[in-house]
Amino acid sequence: MQGLKACAAVKAIDLGVVGRTPGYHTLIQAPSRRLPATIQGFNSNTPISSRVQKSSTARRSIQCKSNMLGQLMAGLKGAALASTQKALWFSDNAPSWPELEEMVRAKQAVLGMDFWADPETAPTNPTALKRTFGSTGPIRVKFYRDHAAWCPYCHKVWLQLEEKQIPYTMEKVNMRCYGTKQASFTKKVPSGLLPVLEMDGRIITESTVIMDILEREFPNNTPLMPAPGTPTRARADSLMRLERRLFGDWLGWLTSDWNNASNRSRFEATLDAVDQELSAAGGPFFLGADLSLCDITFVPMLERIAASMSYYKGCFVRGSGRWPAIERWFNALEQRPTYMGTKSDYYTHCHDLPPQLGSCAMLPEGVAVAAHIDGEEPSSWRLPLSPLSATSLPEPYSLGDNPAADTCEAAAKVVKNHKALVRFALRGPGKPGPQPVSAPLADPTAIPAEEYTAAADMAMRHVVHAMLVGVEAKQVSSAALQTSATQPAGAAAQLMVAPVIPAAEYLRDRVGVPRDMRFPAARQLRAHLNWLIDTVA
């Protein structure tokens with residue numbers, strides 16, 4: 001969980017690269033959006049209405065300018081901190097970090113899991129900077145990918161390396177939309193484009209070139225492409241062209257609010273073709289029972305398509321039943337640890353795409369779905385969370401959830417990096433940085449309000465404790481989270497409740513998947529941060 005580690009610039013989890021723009025809705029009093037009683041009403045056959053203008057009243061506009069963000073944060077800080085007559089206080093009765101660490105260890109032992117395992121030898125995970133797969137020989141490959149795991153082209157190279165188990169080291173580089181690239185990297189790659197492979201002293205750019213070279217140079221590491229000159233190879237090459245067609249038709253609809261009927265028709269026709277191809281060889285993968293480079297090439301786009309089409313258009317690629325072969329394909333992928341270690345969630349994708357693409361166009365059919373994905377719909381980011389399944393909407397997850405394991409994972413990630421995490425959260429009541437970036441709420445130079453460290457630290461210990469023992473058990477224990485309108489005798493200003501609210505909201509809106517943790521764990525952390533906010537507010 002790199003971003004929960006100390007970092008001055010935006011790193012893999014500086015937690016400052018994923019966020020919705022007016023993310024502090026509890027204080028802004030933005031008009032509410034409510035999901036209908038059944039989200040199943042928002043299906044892939046919902047008729048397209050007339051184009052709508054994007055605005056902060058219709059959705060969490062993620063196109064806001066940096067100066068607007070600064071005004072927003074300053075206003076929120078004032079709203080949270082200025083009103084002394086409404087001040088609330090709380091006492092430091094949460095378990096200490098060493099005590100919480102022991103609780104995590106005990107729970108991991110019961111579950112038979114280790115969320116602190118060495119990333120070099122653990123299953124695929126975003127924190128690893130070196131992967132040997134048991135090899136003791138020299139490592140020929142150095143892989144450069146983006147810190148936040150946003151880049152789709154990095155995604156497929158990363159997945160190929162993991163599937164082929166090619167030993168490699170990794171260096172993470174900022175995307176321009178959320179930070180400055182290291183001079184050491186731009187010296188090697190003046191364009192700054194990602195991904196990049198450094199192999200045997202040679203710099204290789206462009207994902208398709210990289211993937212082709214990896215197949216040629218490592219033929220004994222699980223070949224992922226049919227032999228050249230065979231009918232199966234010809235079909236594989238055709239599938240690669242279909243992926244580019246899908247990419248174009250997806251962007252044509254996603255980024256435009258004109259010609260919706262024709263854009264939708266073109267996109268759905270291409271998705272129909274993809275669904276047919278997945279059935280042609282018997283499935284569940286494109287070339288049959290075994291994963292191939294065709295699947296790896298489609299993974300980043302179909303994953304982002306499934307997220308963005310539901311959020312912006314109200315069109316469910318998964319869960320609607322229209323594209324059954326695609327649903328079987330996703331379910332088969334989710335059985336693979338390699339894929340699950342690189343898989344993002346809808347919230348992360350729907351907020352990382354606009355900074356990369358420039359804009360995404362919202363339709364009326366997407367508004368309520370977006371509210372659910374963004375955590376604005378009451379049941380989405382609040383306890384008790386609804387179960388996950390292959391058919392859960394708006395976000396299917398075929399492995400389901402395991403609340404005991406998911407809360408333990410989230411707690412383990414926070415405990416291990418709590419100092420950096422608390423400081424990061426204090427950007428919420430702090431000040432915007434002098435060097436803004438284009439990704440909304442990604443503010444690597446933000447100035448945290450460190451005078452409230454004690455309060456934020458204590459609040460995070462309460463959140464972790466609640467995740468480990470359960471909210472109900474916690475609130476009848478001696479470590480219950482309680483507030484008082486009267487300042488306790490001897491209480492310092494650092495234990496005021498007010499700065500904790502923007503700090504918790506700031507953190508909640510920036511939990512990135514897979515950068516920080518898996519989706520089920522991320523939604524547990526988001527929900528427990530909301531529990532903290534609701535309890536103290």
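In which kind of crossing, left-handed or right-handed, does H8 pass H9? Keep that one in mind while we get our bearings, and remember throughout that this is a predicted model.

Let's start with the whole protein. There are 19 helices and 5 strands here. The protein has 537 residues, and 59% of them are buried.

Now back to the opening question. Find helix H8, which covers residues 260-280, and helix H9, which covers residues 293-313. H8 passes H9 in a left-handed crossing. Their axes come within 14 Å and cross at roughly 135°. Angles over 145 degrees would count as roughly antiparallel, so this pair is described as oblique instead. What do the two helices touch each other with? On the H8 side you'll find Phe-267, Leu-271 and Val-274, and on the H9 side Phe-298, Leu-302, Ile-305 and Met-309. Sorted by class, that contact has 7 nonpolar residues, with no polar and no charged ones.

H4 runs over residues 152-164 and H6 over residues 207-217, and their axes come within 9 Å, crossing at roughly 10°. Because angles under 35 degrees count as roughly parallel, H4 is roughly parallel to H6. H4 brings Tyr-153, Lys-156, Val-157, Gln-160, Leu-161 and Lys-164 to the contact, while H6 brings Ser-207, Thr-208, Ile-210, Met-211, Leu-214 and Glu-215.

Thr-208 sits in helix H6. Is Thr-208 buried or exposed? With a relative accessibility of 54%, Thr-208 counts as exposed, since the exposed class begins over 50%. Look across from there to Val-157, which is one of the H4 residues in the contact. Thr-208 and Val-157 are 51 residues apart along the chain, yet their C-alpha atoms are separated by 8.7 Å.

Arg-131 lies in strand S1, made of residues 130-131. Arg-131 has a relative accessible area of 3% and is buried, because buried means under 20%. What lies by its side chain? A polar atom of the Arg-131 side chain is 3.0 Å from the backbone oxygen of Pro-119, and the backbone oxygen of Glu-120 lies 3.2 Å from a polar atom of that side chain. Setting aside neighbours within four places in sequence, the contacts of Arg-131 include Thr-121, Ala-122, Asn-125, Glu-162, Ile-166 and Tyr-168.

Our last stop is Arg-515, in the loop between helix H18 (500-508) and helix H19 (519-536). Where Arg-131 belongs to a strand, Arg-515 belongs to a loop. Arg-515 is buried too, with a relative accessible area of 2%. Which residues pair up with its side chain? The backbone oxygen of Arg-510 lies 2.8 Å from one of the polar atoms of the Arg-515 side chain. There is also a polar contact of 2.9 Å between the side chains of Arg-515 and Asp-516.

How values were computed: Residues numbered from 1 in each chain as written. Predicted model: local features only at pLDDT ≥ 70, side-chain atom pairs only at ≥ 80, totals over all residues. Heavy atoms only, no water. Axes fitted to C-alpha atoms, helices over the stretch in contact; angles between N-to-C directions. Helix = DSSP H or I, 4+ residues; strand = E, 2+ residues; numbered from the N terminus. Parallel < 35°, antiparallel > 145°, perpendicular 65-115°, else oblique. Contact = heavy atoms within 4.5 Å. Buried < 20%, exposed > 50% of the residue type's maximum accessible area, 1.4 Å probe, protein only. Polar contact = N/O pair within 3.5 Å; in protein donor to acceptor, adjacent residues only side chain to side chain. Left-handed = near helix turned anticlockwise from the far one by under 90°. Nonpolar A, V, L, I, M, F, W, Y, C, P; charged D, E, K, R; others polar.
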